[in-house]
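I opened the notebook to look up a few strands and side chains. The entries below follow the order in which I checked things.

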Amino acid sequence: MTRFGDYEGSPTVLYGNEALFIRVCPKCGRFVKGDAKIQLTAEGPPVQQPNASCRKCGRVQMPFEGYYEGE
């Protein structure tokens with residue numbers, strides 16, 4: 001898992017009101033376009049597979065930040 005400080009100020013995307021990803025390419029650092037849906041597991045981190053598109057690198061997996069617990 002990455003530390004949010006590594007990507008401070010980067011945009012994030014929330015899936016299913018719980019899984020938080022940082023919208024950057026882990027290879028080149030560019031902002032990526034996240035998929036409309038991703039596959040989540042019942043417990044633990046999401047399924048390890050590409051879930052975003054980078055203009056330079058193609059299909060990549062966004063860094064997983066963790067689960068968001070709302071107010």
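Before anything else, I noted that two strands pair if DSSP finds at least two bridges between them. Strands (E, at least two residues) and helices (H or I, at least four) are DSSP runs, numbered from the N terminus. This is a predicted model, where local features need pLDDT of at least 70, side-chain atom pairs count only at pLDDT 80 or more, and totals for chains, interfaces and linings use all residues. Residues are numbered from 1 along each chain as its sequence is written, and side-chain values use heavy atoms, with hydrogens and water left out.

**Sheet**

I started with the open sheet of three strands, which runs in the order S3-S4-S5 with antiparallel pairing. Its edge strands are S3 (33-34) and S5, each pairing on one side only. I then looked at S3 with S4 and found two bridges in the antiparallel sense. Gly34 stands opposite Ala52 in S4. A reminder to myself: strands of a sheet pair through backbone hydrogen bonds, either parallel or antiparallel.

**Hairpin**

Next I went to strand S1 (residues 12-15) and strand S2 (residues 19-22), which pair in the antiparallel sense over four bridges. Thr12 stands opposite Ile22 in S2. Three residues sit between the strands of this hairpin, and Gly16 takes a positive phi near 60 degrees there.

**Cys54**

I picked Cys54 in strand S4 (residues 52-54). Is Cys54 buried or exposed? Cys54 counts as buried because its relative accessible area is 6%; the cut-offs are under 20% for buried, over 50% for exposed and partly exposed in between, with a 1.4 Å probe and protein chains only. Leaving aside neighbours within four places in sequence, I listed its contacts (heavy atoms within 4.5 Å) as Cys25, Cys28, Arg30, Val32 and Val60. The C-alpha atoms of Cys54 and Lys27 are separated by 9.4 Å, at 27 residues apart along the chain.

**Arg59**

Last stop was Arg59, in strand S5 (residues 58-60). Arg59 has 41% relative accessibility, so it counts as partly exposed. With neighbours within four places in sequence set aside, Arg59 is in contact with Asp35, Pro50, Asn51, Ala52 and Ser53.

Which side chains does Arg59 join by polar contacts? For a polar contact I need a pair of N or O atoms within 3.5 Å; within protein, one must be able to donate a hydrogen and the other to accept it, and residues adjacent in sequence count only if both atoms are side-chain atoms. I noted the side chain of Asp35 at 2.8 Å and that of Ser53 at 3.1 Å.
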